[in-house]
Amino acid sequence: MYLNQFLLLAAVLFSLGVYGVLARKNGVLVLMSIELMLNAVNINLVAFGAFRDTVAGQVFALFVIAIAAAEVGVGLAIILLIFRNRASIDIDHLDSMKG
Amino acid sequence: MLRNAWLIPLIPAVSFFVILAFGKRLPGKGAEIGIAAVGLSFVLSAVTALQWLNLHEPRHPVARHLTWFEMGGVEVGAGIHVDGLTVMMLLVVTFISLMVHVYSIGYMHGDRRYTFFFAALSLFTASMLTLVVADNTLQLLVGWELVGMCSFLLIGHWWEEEANSSAAIKAFLTTRTGDIGLMLGIITLFFAADRTFDIETINRLALENEMSHGIVLVGAALLFCGVIGKSAQFPLHVWLPDAMAGPTPVSALIHAATMVVAGVYLVARMYGVFWEGFSIHDGGINAVALIGGITVLIAAALAFVQDDVKKVLAYSTISQLGYMVMALGVGAWTAGVFHLFTHAFFKALLFLGSGSLIHAVHSNNMSEMGGMRKSMPTTFWTFMVGSAALAGIPPLAGFWSKDEIINGASHGYELFMIVGLVGAAMTAAYMTRTCWLIFAGEYRGHAHPHESPRSMAVPLQILGVLSLVVGLLGTWVVGEKYRFSNWVHFHVEGAEEFLEHHSFNMSLAVISVAVALTGIALAAAYYQRTALRGLTQRNGLARTGYTVLVNKYYLDDLYIDGIVRTIQYPIAKAAYWVNQKVIDGVVNGVGIGAKRTARVVYDVVDQKGIDGLVNGAGWSAEEGGSVLRRTQTGRVQQYAAVLFGASALIALGLVILT
């Protein structure tokens with residue numbers, strides 16, 4: 001059982017996700033990038049779980065999936081409302097909270 | 001059932017909430033729930049009593065305890081402790097309560113708070129039963145305060161009249177005065193007994209002299225304050241006659257048969273503490289016996305001058321409670337508890353009988369009764385049985401228990417034996433007076449007296465029969481196994497037996513009957529011979545005595561004028577003088593000084609120093625803010641970048657450091 005491959009895959013996925021969150025202009029794509037990061041975490045959890053021969057990792061992964069589903073539901077709803085208000089989901093223009 | 005005795009208080013407690021929630025919508029307005037619950041409790045109590053009787057001797061108390069929480073090694077919880085005393089109390093409370101519930105259907109018919117009345121009766125029964133089964137002082141205190149609250153609610157049941165609500169407040173405050181002592185006593189004993197509330201342990205430690213005598217005395221004296229308040233002993237007896245403002249069934253249940261005996265029950269339950277604390281075994285005069293003895297006599301004397309039939313019975317109750325306390329004070333434990341048992345039956349009977357009379361003539365005053373014998377035969381016969389039982393005519397209930405008390409006092413406490421005999425004569429005499437005024441002669445009122453409905457008459461008949469026979473439980477008539485002194489006795493696990501029980505003594509019994517008959521004869525003579533009548537108007541000495549009694553020894557006046565006014569007026573006046581001259585002078589002086597100092601302080605410290613600081617703080621916050629606001633771009637992705645960057649830096653730091 002090789003742990004490193006999984007960890008590398010997860011690290012790559014996570015970095016892709018971070019890039020997406022920081023760089024994309026489209027709100028939907030930002031959300032999708034967050035999903036990528038969460039799934040990188042899931043891979044880590046399952047991999048460590050298998051490595052240490054416990055089911056705890058899989059259980060946590062299931063929790064994360066459930067939370068992610070809820071999170072994406074809320075996120076999409078917010079983006080939908082933003083689109084209705086501004087006819088655009090470019091988050092560069094969303095700076096009405098500027099101090 | 002012995003182990004499940006906790007069900008007995010639980011059932012009426014549930015019934016209280018059910019009646020409150022659904023009572024008004026039911027056909028019987030909630031009365032049927034109350035009766036069913038108390039009836040069930042009574043059946044369970046009877047089963048418990050039978051099981052207790054059938055235990056192998058020597059019987060050991062059955063205890064169960066549930067821990068609620070533990071804190072610093074102190075365990076707090078609830079539990080049951082079932083022994084003979086508990087079983088006896090369970091029977092008495094549930095039975096009298098059942099009778100009163102049934103009776104109330106008739107008596108309270110059409111009352112505007114009918115449903116609430118039954119709910120409160122249920123709550124009262126539940127609280128009293130909680131108190132009775134309690135295995136620790138804390139639970140006992142909970143039950144104790146709850147019965148006090150129910151008493152308050154029920155005395156003020158007709159609170160629209162101010163007299164009733166002030167009677168309720170008076171009862172509550174007077175008993176609370178004693179309760180402070182009770183609470184302090186519980187705390188004292190808690191620490192003295194090495195941090196436990198367990199009654200059995202406290203009793204054992206007290207009896208084995210594990211606690212110092214001084215602290216046991218303090219604990220017992222403080223507990224006794226609670227007893228004086230709750231059981232209406234001299235000098236806190238003043239609330240009980242006023243408590244008669246409540247509906248008569250309440251007077252029967254709470255202020256005669258059950259709640260007021262809670263104090264006596266407390267002494268009986270924690271007898272180890274009282275026994276050691278007041279050195280009851282020494283045979284000298286002790287506070288318990290003394291207070292009991294005084295109460296017997298002064299209350300009996302007061303009963304002579306009352307016109308209100310319920311007040312006669314109230315003073316009679318105080319006097320009988322005095323007997324019980326006195327019995328416990330002279331070491332006659334079984335006799336005192338037995339008197340509690342028999343008294344509950346005949347006093348409930350008398351109160352319910354008086355309620356029946358009041359129901360018929362719409363007045364509490366005996367001057368508006370008279371000749372009731374013809375119009376109310378059931379009430380007449382049952383009332384006569386109750387009076388005879390109270391007066392101590394053999395073989396009725398009161399005779400046996402009163403005789404046991406007098407007999408117990410005759411072993412080393414001869415003074416209190418004489419008090420008991422004098423009290424017996426007075427009891428017989430004032431009951432003769434009461435019966436004479438109510439039933440003899442012609443009707444003096446203006447209503448149309450009629451016999452009460454069946455729901456009121458049947459409890460009277462049942463209680464009448466029981467008042468005839470329950471006294472026999474203490475005698476040789478019943479078998480050894482069922483004899484009262486056999487199944488109700490004070491026993492502490494691990495401590496040796498220390499009480500002796502003195503059973504029947506023929507010569508004393510003859511004396512006490514003779515004394516009671518003399519009392520009856522004297523009272524009868526007073527009312528039959530016109531020559532004696534009006535003595536209180538003609539003879540100076542008799543008139544003085546009468547005036548003192550009518551004014552209740554001026555105790556109420558003493559409390560109001562002597563204590564409340566003393567605190568209110570002179571102290572208030574003195575406080576006003578101090579306020580005007582001393583405090584105002586000081587205040588003014590201080591004020592002028594303060595004004596001058598303040599001017600200086602204002603100019604130098606405030607305007608320059610503080611304002612400078614405050615303005616400086618504001619200015620720096622403003623400047624800092626205008627710098628920092630540039631970081632708040634409102635762009636989520638920038639925030640995220642800072643977040644990720646910071647996490648990366650922290651991770652890097654961790655990697656380098658470890």
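Two strands pair if DSSP finds at least two bridges between them. In this predicted model, strand S1 (residues 62-71) of chain B and strand S2 (residues 74-82) of chain B run antiparallel and are joined by 9 bridges. One of the pairings links Val62(B) with Val82(B), its bridge partner in S2(B). The two strands form a hairpin with 2 residues between them, and Gly72(B) in the turn has a positive phi of about 55°. S1(B) is hardly covered, with 1 buried residue among its 10 residues.

The largest nonpolar core has 202 residues, and Ile96(B), Val264(B), Val267(B), Phe274(B) and Ala348(B) have the most contacts inside it. Helix H15 (residues 333-361) of chain B gives the most to this core, with 18 residues.

Gly23(B) lies in the loop between helix H1 (7-22) and helix H2 (31-53) of chain B. Gly23(B) counts as buried because 24 other C-beta atoms lie within 10 Å, where the cut-off is 20 or more.

The table gives contacts of two residues, leaving out residues up to four places away in sequence.

| Residue | Residues touched |
|---|---|
| Val264(B) | Ser231(B), Leu321(B), Met324(B), Val325(B), Leu328(B), Gly336(B), Leu340(B) |
| Gly23(B) | Lys29(B), Gly30(B), Ile33(B), Thr115(B), Phe118(B), Ala119(B) |

The contact between the chains takes 9 residues from chain A and 10 residues from chain B. On the side of chain B that touches chain A, 4 residues are nonpolar, 4 polar and 2 charged.

Conventions:
Residues are numbered from 1 along each chain as its sequence is written. Chains are lettered from A and ligands numbered from 1 in the order in which they are written. This is a predicted model: local features need pLDDT of at least 70, side-chain atom pairs count only at pLDDT 80 or more; totals for chains, interfaces and linings use all residues. Two residues are in contact if their C-beta atoms, placed from the backbone, lie within 7 Å. Ala, Val, Leu, Ile, Met, Phe, Trp, Tyr, Cys and Pro count as nonpolar, Asp, Glu, Lys and Arg as charged, and the others, Gly among them, as polar. A residue is buried if 20 or more other C-beta atoms lie within 10 Å of its own, exposed if 12 or fewer, and partly exposed in between; C-beta atoms are placed from the backbone. Helices (H or I, at least four residues) and strands (E, at least two) are DSSP runs, numbered from the N terminus. A nonpolar core is a set of buried Ala, Val, Leu, Ile, Met, Phe, Trp, Tyr and Cys residues joined through C-beta atoms within 7 Å.
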